[in-house]
Amino acid sequence: MSSMRPPTVISVPPEGSKPAERPCLLMLSGPEMGRSIELGHEAVEIGRSRKCTLAIKDNGVSRCHARIKRIFGLYFVSDLESVNGTFVNGQRVSMAQLSDGDQIQVGDSMLKFVANHHEAEYSRHAFTLATSDPLTGAHNKRHFDEILAKETHRAALHGTALCLILLDIDNFKRLNDTFGHPAGDWVLARVAETIKALLEPEGLFCRVGGEEFAVIAPNTERSDALAASERIRAAVERASFDYEGRHLSVTVSLGVAELARMESENQLYKRADERLYASKAAGRNRVS
C-alpha cells in the first residue's frame, strides 16, 4: 500500500455563518459505550493513556491514538501515528474533516460525530431508552447480551482478560411476599445504586433478570473481580434499607468467572451462574 495520502480538503464556511452548536462525540461501541463527550475549543485526545481526554481500555488503541481539534469553526480528526490506524466511515485517514453523522473507529470502539446539539440530545435519550432498565438505571438484558458477545470476541482476539460477575438479591421472593412489590422495586433500585457507586468506569452493570444483575469487567483477572465482588457484597450488607419505617435485611450472593481460552460468551455465563448458585448453596451473602 502506498504511503502517499491525498491532501486534506478544508471547506471554509461562508462569511457570517455560525458553526454547529455544541457538537459532541457519541460512543456507539467499545468499553465506553453510551458515553458522550462535548466538543469545544480545546482539543480532545483519544487513547489508552489515562492522560487522554477520552481514555479507552482497549489493546487495539494506542496510548495516544487520535486527536479531534477545532480549526476555523470546523472539526478535524488526526491520527497520532497509531499502530492500528484511525478510520472515518470505514476509510483509514491521517487527517480528515468531520461532518455531521461521521463515524470514527479507533481499535474496537466506534464514535459518532454529531454536529447538532438537539440531535445529540435525542441520540443520547434514544440510546438510554434502548439500553437501560427504567427501574434501576442499569443496562438491560438485550444490551448485556450484545456487549458480552462483543467483549468476549475482543478479549479472545487481543488475548486480554475478561471477567463476568453475576449476582442476585438473597431471599427476594420472601421480601416481596412479606412487604409487597413496591418494597421489592425500591430494594432493587437501592441495591443497583449501591453497586454502581463502586464500579470502575469500564465495568458494564446490567439487570439480567428479576432480581439478578451482572457486571462485565474487561481487562480484569479473576483475582481482581473476586476482590470487587467482595466489596459489592460488603457494601450491600452495610447499606441501610429502611422502607416506610421498616428495616429490611438485604444481602446479595455473587459468582465470578474469567473467560477461558476458546470459550464462548454462553459458556462464560454458564460458569458464572454455577458459581452464583454455589454461593447460594453455601449459605448466601458470599462470593464464589
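I looked up which elements line the second largest pocket, and found that β14 (212-218) and α5 (222-238) each supply at least two residues of its lining, with α5 giving the most, six residues. The model is a predicted one, in which local features need pLDDT of at least 70 and side-chain atom pairs count only at pLDDT 80 or more, while totals for chains, interfaces and linings use all residues. Residues are numbered from 1 along each chain as its sequence is written, and side-chain values use heavy atoms, without hydrogens and water.

Helices (H or I, at least four residues) and strands (E, at least two) are DSSP runs numbered from the N terminus. A pocket here is an open set of points on a 1 Å grid over the protein atoms alone, where a 1.4 Å probe fits, with protein on both sides within 12 Å along at least five of seven lines, and lining residues have an atom within 4 Å of a point.

I noted that 17 residues line the second largest pocket, and that Glu-200, Thr-220, Asp-224, Ala-228 and Arg-231 are the closest to its centre.

I then turned to helix packing, with axes fitted to C-alpha atoms over the stretch in contact and angles running from 0 to 180 degrees between N-to-C directions. Helix α4 (residues 181-196) and α5 cross at roughly 135°, their axes coming within 9 Å, which makes α4 oblique to α5 (angles under 35 degrees count as roughly parallel, over 145 as roughly antiparallel, 65 to 115 as roughly perpendicular and the rest as oblique). Val-191, Thr-194 and Ile-195 of α4 meet Ile-232, Ala-235 and Val-236 of α5 in this contact (heavy atoms within 4.5 Å).
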